[in-house]
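This briefing is intended for a reader working with the coordinates at hand.

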Amino acid sequence: MTILDGNIVTVAMPAIQNDLGFSGPGLAWVVNAYLIPFGGLLLLVGRLGDLVGRKRMFTAGLALFTAASVLCGVAGSQATLIAARALQGVGGAMTSAVVLGMLVTLFPEPREQARAIAVFSAVGAAGGALGTFLGGALTQLVNWHWIFLINLPIGIVAWLAAVRVLAPEKGAGLGKGADYPGAALVTSALMLTVYVIVGAGDRDGTATALLALLAAALFSGFVLRQARAARPLLRLRLFGSRLLSGANAVQVLMIATMFGFQFIGALYLQRVLGYSELATGTAFLPAPVAIGLLMLLLSARTIGRFGPYRVLLAGLVLITAGMALLSRAPADGSYAADFLPPMLLMAAGFAAAMPALTGLAMSGAREEDGGVASGLFNTTQVVGGSLGLAVLSTLAASHTDGLVGGGAELLPATAEGYRLAFRVASLFALTALALAAVVLRTRRPEDDEG
């Protein structure tokens, strides 16, 4: 539900714009208002979850997210919708930041943990991919308000289940401290970073550079604070873990590739192939089905047999190959020949790579750091998604504008802009593959025995 809401609005944007009278730049804040607090608060609420208890943080976040979804659904003005989306981002951060820490605690045995992470990853991937389908279907068949109101029954059921099923956790206690000055620094830095990335196309280069320097200064201040604080928010020794640091770096690039594909792919289907909102959502549907089935049926088994490192590399190879094929999609292309095969390759690759990468990242953290490690892993997801969206959409738009300005027809120029974005995304994936191959290499006991 929380991941779905990061992109369910994509297909519904024109309807929201027409109904509430958003300008072009203003419309982007329907997405940005969610992503900025979501990405900015993950580390803080992950640490607070370790202190007050992860179940308490999880259920409070679910309640806030569900209430904010209702407010989005009944919004009748731009200001109300943007404010409600920001509250959704806060609730989404509260739930997402602690969930991986809960999983590794609930399932400490390696095979069980691999299966649990596979199920979690399948649900998350399905949420992300289904967002496009549900956004199109609900907008066309009912209206855009229902892309948010659908969260009410889901949120209530999830909250009741969490209260009844999850065992209470006492937590370390707020007396242990959460380093609030450090929290203010890193939250400001992360929010500013996401803001810089998602709004880069609407500002001149000087303003973007100044904001990026300010974000870097805030991050530097945070690092200095963590080195000296008696009770740091984020223990810097976490970054001494090659697996944790490497997995987060790989994830930024992999999620930038996949999130960029979802956004640019939806635009290609609508603006080049002429698909409606519902047809676009339906066209994406094979991806979450494939991801869910592969993760649930094969992921834990293949990771247990071959190890997470090998499975991750195989997945990244498939993602890279799929993006490379998609970069050849022509203006007169067809869904069956030019879009579906690359999409299924990337779906299979993501189904293999994501659970393996998650397992590698969380294996690099101690149990007492589970919440903040989970928050960090989810933070890099948001940064990667924002980066992919900003870079690829800006490249596609500027390249199309340049071609049209040079006398090219709009449709071929638009298709060429999207092809450039897909080529750059394939470079993201290739870089992630190279980085994973070098940094995340692990030895399995069977290898040593052999």
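The accessible surface of the protein comes to about 18,300 Å², and carbon and sulfur atoms contribute 67% of that area. The model is predicted. Of its 450 residues, 55% count as buried.

**Overall fold**
- The secondary structure consists of 19 helices and zero strands.

**Helix α4**
- Helix α4 covers residues 29-52, a run of 24 residues.
- At 1.5 Å a residue, α4 should span 34 Å, and its end C-alpha atoms are 32 Å apart, which agrees with that expectation.
- A bend of about 50 degrees occurs in α4 at Leu 42.
- Most of α4 is covered, with 23 of its 24 residues buried.

**Aromatic pairs**
- The protein contains nine aromatic pairs under the criterion that ring centres lie within 6.5 Å.
- One of them joins Tyr 275 and Tyr 335, whose ring centres are 6.4 Å apart and whose planes meet at 45 degrees, so the pair is tilted; the tilted class lies between stacked, under 30 degrees, and edge-to-face, over 60.
- Tyr 275 sits in the loop between α12 (242-272) and α13 (277-284), whereas Tyr 335 belongs to helix α16 (residues 335-363); the pair therefore ties together parts that are 60 residues apart in sequence.
- Tyr 275 is partly exposed, at a relative accessible area of 25%, while Tyr 335, at 17%, is buried; the threshold for buried is under 20%.
- Tyr 275 and Tyr 335 also belong to a cluster linked by ring pairs, together with Phe 261, Tyr 268, Phe 284 and Phe 339.

**Surroundings of Ile 8**
- Ile 8 occupies the loop between α1 (4-7) and α2 (9-20).
- With a relative accessibility of 0%, Ile 8 counts as buried.
- When residues up to four places away in sequence are not counted, Ile 8 touches Gly 131, Leu 134, Gly 135 and Ile 147.
- The C-alpha atoms of Ile 8 and Leu 130 are 7.8 Å apart in space, although the two residues are 122 residues apart in sequence.

Definitions and conventions. Residues numbered from 1 in each chain as written. Predicted model: local features only at pLDDT ≥ 70, side-chain atom pairs only at ≥ 80, totals over all residues. Heavy atoms only, no water. Helix = DSSP H or I, 4+ residues; strand = E, 2+ residues; numbered from the N terminus. Expected span 1.5 Å × (residues − 1). Bend = angle between axes of the 7 residues up to and from the residue. Buried < 20%, exposed > 50% of the residue type's maximum accessible area, 1.4 Å probe, protein only. Phe/Tyr/Trp six-rings, centres within 6.5 Å; stacked < 30°, edge-to-face > 60°. Contact = heavy atoms within 4.5 Å. Areas by Shrake-Rupley, 256 points an atom, 1.4 Å probe, with all protein chains shown as cover.
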